[in-house]
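Visitor: Could you take a close look at the salt bridges, with their partners and their surroundings?

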Amino acid sequence: MRGRLSSLTTRGRAFLAAGVAAAVCALALGQKDLLRVAVFLVALPIVTALVVTRTRYRIAASRSIHPVRVPVGQPAVVRLRLENVGRMPTGLLLLEDQVPYLLGTRPRFVLDRMSARWRRDVEYPVRSDVRGRFPIGPLTLRVTDPFGLVELTRSFRAQDALLVTPEVHALPSSRVGGEWATSGEHSSRAVSADGEEDVTVREYRDGDDLRRVHWRSSARRGELMVRREEQPWQSRATLFLDTRRIGHRGSGPASSFEWAVSGAASIGAHLLRRGFSVRLVTDAGAAVTATARESGASVDAEGLLLDALAVVGPSAVGQLTHASLTLSHDGSHGLLIAVLGVLSPAEAQALVRLRQRSTTGLAIVLDSPSWAMSKERSPQEIAEQLAESVQMLRRGGWKVAVAKAGASVPSVWAQLMLGDGAAGGPGGTPAAAGAAPSGRDPSADLSPGAESPNGFAASTPPDTSASVPDDEFLGGRAS
């Protein structure tokens with residue numbers, strides 16, 4: 001009885017207290033009519049609690065989020081479906097879904113009486129200006145009686161997750177090359193010892209050309225098998241993100257760290273859409289590889305890269321050293337692109353040693369102090385250290401662009417491709433996005449190893465017989 005009475009609302013407890021007080025007064029004054037009122041006030045909440053707690057409601061709930069992956073600042077819709085799978089109608093239902101405060105206020109709904117086998121759908125929007133993985137749920141259900149005297153609370157266990165990815169900017173088209181290599185399904189076929197071609201096959205998919213069906217393998221396995229497509233050359237790139245806490249300034253979405261994450265996401269998506277295989281690594285050792293399997297944009301590959309960047313956080317690594325950089329690298333980086341925070345000359349020297357002769361190095365160095373000091377000028381010693389580190393990287397063969405507070409990712413990328421200095425802020429004026437060097441027509445640059453106008457590298461591997469200076473060609477040498 002004590003457990004059932006604990007479900008009484010404030011109104012139910014007030015009824016009970018008023019009934020007890022009326023009963024005491026009726027006995028003291030000898031008023032029978034007042035005693036009847038007291039019995040009614042005491043019995044009503046007790047009987048209601050017994051009826052509601054003994055009633056077995058069978059309610060099923062499901063949740064869907066559309067879309068499950070959104071960029072920062074974009075809304076998503078959460079839809080709740082409730083179904084009364086029992087035979088008894090329900091009373092008034094109060095729904096409350098648990099969401100983090102970063103997604104907005106906690107949604108609450110009131111549903112009228114649900115008859116047996118009825119379904120109700122409710123939905124609410126969520127939006128976050130901060131990237132990350134946010135749990136949604138569990139759903140809390142409250143059942144009340146028509147008088148509002150009793151309230152039962154039940155919670156479902158199911159939870160879903162909304163992934164808020166960093167903002168991806170459209171970067172201007174540019175001539176970016178990488179290391180040519182063979183991998184995965186695109187590798188060449190081999191010849192077996194008895195001279196018969198060892199054909200690599202896979203299951204038939206809708207849309208495959210029937211002329212690619214390998215009938216011998218199909219007969220052996222009992223299902224249609226087709227030959228894998230041959231594409232022996234593929235460009236690879238390694239994207240290094242500096243996540244050191246001491247290397248960035250500012251806080252929240254306007255910090256230099258969030259700018260670096262957004263820049264890495266934009267560059268990674270840009271390379272994937274151009275047919276690159278992108279490997280993302282951080283100073284903390286985290287690594288993820290995304291490969292564009294088909295011509296054009298690969299949604300799955302971009303999703304894999306953005307999922308990793310959505311949850312990346314600042315690391316406690318103190319300094320970038322050659323040993324730590326080599327530890328997070330497998331040596332087959334192809335095109336190497338680094339998004340860096342505050343950089344000392346010693347760390348710049350470690351990056352110079354990391355870059356091998358067969359690797360093209362592109363670096364975006366953030367002038368992180370400009371994020372903390374707003375429009376104030378950086379101290380002289382910080383500016384000198386930044387200039388020394390940038391010059392050391394350039395002497396080591398890196399293409400470098402300096403990003404100041406207020407600079408956009410596309411403008412910094414355009415500066416990097418043009419080989420200019422700083423981008424954004426009072427010290428530099430970004431070039432027009434997509435601008436080409438004067439006196440040169442990008443559409444006519446179709447030499448081996450260059451890219452065709454549609455943004456993909458030509459299928460002929462670059463010629464390694466001639467040495468091309470790094471400041472004239474932004475592509476890696478042949479594998």
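**Salt bridges across the chain**

Guide: Glu258 and Arg131 form a salt bridge (side-chain nitrogen of Lys or Arg within 4 Å of a carboxyl oxygen of Asp or Glu), and their closest N and O atoms are 2.8 Å apart. Because Glu258 belongs to helix 5 (residues 256-273), while Arg131 sits in the loop between strand 6 and strand 7 (132-136), the pair ties together parts that lie 127 residues apart in sequence; helices (H or I, at least four residues) and strands (E, at least two) are DSSP runs, numbered from the N terminus. The model is predicted, with local features needing pLDDT of at least 70 and side-chain atom pairs counting only at pLDDT 80 or more, whereas totals for chains, interfaces and linings use all residues. Residues are numbered from 1 along each chain as its sequence is written, and side-chain values use heavy atoms, leaving out hydrogens and water.

The two partners of this bridge fall into separate accessibility classes (relative accessible area under 20% for buried, over 50% for exposed, partly exposed in between; 1.4 Å probe, protein chains only). Glu258 has 22% relative accessibility and therefore counts as partly exposed, whereas Arg131 has 10% and therefore counts as buried.

The structure holds 16 salt bridges, and one of them brings the side chains of Asp97 and Arg63 together with an N to O distance of 3.0 Å. That pair, too, links distant parts of the chain, since Asp97 comes from strand 4 (residues 92-97) and Arg63 from strand 1 (residues 59-66), 34 residues apart. Asp97 and Arg63 are both buried.

A further salt bridge joins the side chains of Asp121 and Arg81, with 2.9 Å from N to O. Here Asp121 lies in strand 6 (residues 119-127) and Arg81 in strand 3 (residues 75-84), so that distant parts of the chain, 40 residues apart, are again linked. With a relative accessibility of 42%, Asp121 counts as partly exposed, and Arg81, whose relative accessible area is 37%, is also partly exposed.
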